Amino acid sequence: MKTKAAFSLDMVGEDTRKTGGVFRIEKFPDPSAVWTRPPDEHSGWGASLIEPSSLRGSFINDYILAIAEAYAGPRGWTFRANPFEGGSDHQAFVDARIPAVLAWHFPDQFYHSSGDSLGQVDPDEMQRVGTLVSAAALGLASLTNDQAGLLLDLLYYRGLERMAGESQTSMELIREGGSPERERRILGAWLQWYAEAIRSVAEISTETDQRLLARVSEVESLFTLRAQSIIDTVE
């Protein structure tokens with residue numbers, strides 16, 4: 001059986017009032033791990049060197065972040081997303097080309113110290129993290145074609161939102177003297193990443209058939225056309 005994805009939980013369930021941290025979702029490597037700029041921000045742990053050629057698009061980032069937003073919002077629960085930083089247990093899955101994200105808390109003043117004890121655990125926080133990740137895993141394990149269609153829509157709209165935001169940043173940097181060629185390369189990387197992310201949906205449905213494959217191709221083509229038109233406005 002092929003592994004669809006991996007969700008790594010490390011340093012979760014902490015009492016953030018004591019540890020000073022916040023719940024985080026570390027993304028599967030996307031262009032923000034190479035070119036980190038607003039709205040993305042590293043955790044303070046530190047960035048790893050990621051080669052642009054190693055990137056490959058995946059559904060997993062927008063999938064789990066959408067679930068987290070829907071779950072956290074009504075509860076007033078604070079979480080952050082950060083670019084891929086590597087060095088934790090999800091690294092092995094990433095190296096094996098399996099979509100993987102890390103659920104964790106950081107910073108944590110007790111990390112790797114004798115103070116890292118059960119006294120720093122918050123049962124409510126543990127329940128929230130467990131519920132979120134369990135929902136994401138169960139959703140993937142039972143993903144139907146109809147649900148895959150909703151995921152395609154999510155990737156399409158979030159991809160265009162990312163392209164619009166990145167293009168705005170690129171134009172501002174060019175006005176400040178930045179290289180147009182460099183900025184178009186970054187935008188091209190996002191276009192390619194999201195096109196691959198859209199295609200990856202065909203690999204995770206429990207009912208993949210010609211109808212879904214046709215829908216994937218349609219969404220990818222439309223996204224590529226719209227995204228390229230955004231890149232073309234950057235001069």
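Contact means heavy atoms within 4.5 Å. Axes are lines fitted to C-alpha atoms, for helices over the stretch in contact, with angles from 0 to 180 degrees between N-to-C directions. Helices (H or I, at least four residues) and strands (E, at least two) are DSSP runs numbered from the N terminus.

The model is predicted: local features need pLDDT of at least 70, side-chain atom pairs count only at pLDDT 80 or more, and totals for chains, interfaces and linings use all residues. Residues are numbered from 1 along each chain as its sequence is written, and side-chain values use heavy atoms, with hydrogens and water left out.

**Exercise 1. Determine the strand order of the open sheet and name its edge strands.**

Solution. 
- Two strands pair if DSSP finds at least two bridges between them.
- E1 and E4 are parallel, with 4 bridges; here Ala 6 is opposite Ala 100 of E4.
- E2 and E4 run antiparallel and are joined by 5 bridges; Glu 26 is opposite Leu 102 of E4.
- The 4 strands follow the order E1-E4-E2-E3, and the pairing is mixed.
- E1 and E3 (79–82) are the edge strands, each pairing on one side only.
- From one strand to the next, the twist averages 25°.

**Exercise 2. Describe the largest nonpolar core and state which element gives the most to it.**

Solution. 
- A nonpolar core is a set of buried Ala, Val, Leu, Ile, Met, Phe, Trp, Tyr and Cys residues joined through side-chain atoms within 4.5 Å.
- The largest one has 60 residues, and those with the most contacts inside it include Phe 7, Ile 25 and Phe 223.
- Among the elements supplying at least two residues each are E1 (6–9), E4 (100–106), H5 (145–175) and H7 (210–231).
- H6 gives the most, with 9 residues.
- Beyond four places in sequence, the contacts of Ile 25 include Ile 64, Phe 79, Trp 104 and Leu 132.

**Exercise 3. Classify the packing of H7 against H6 and against H5.**

Solution. 
- Angles under 35 degrees count as roughly parallel, over 145 as roughly antiparallel, 65 to 115 as roughly perpendicular, and the rest as oblique.
- The H6 and H7 axes come within 9 Å and cross at roughly 170°, so H6 and H7 are roughly antiparallel.
- Residues of H6 in this contact include Leu 187 and Tyr 194, and those of H7 include Val 219 and Phe 223.
- By class, the contact of H6 with H7 has 10 nonpolar residues (Ala, Val, Leu, Ile, Met, Phe, Trp, Tyr, Cys and Pro), 3 polar and 3 charged; charged means Asp, Glu, Lys and Arg, and polar the others, Gly among them.
- The H5 and H7 axes come within 10 Å and cross at roughly 10°, so H5 is roughly parallel to H7.
- The contact of H5 with H7 has 14 nonpolar, 3 polar and 5 charged residues.

Notes: Buried < 20%, exposed > 50% of the residue type's maximum accessible area, 1.4 Å probe, protein only.
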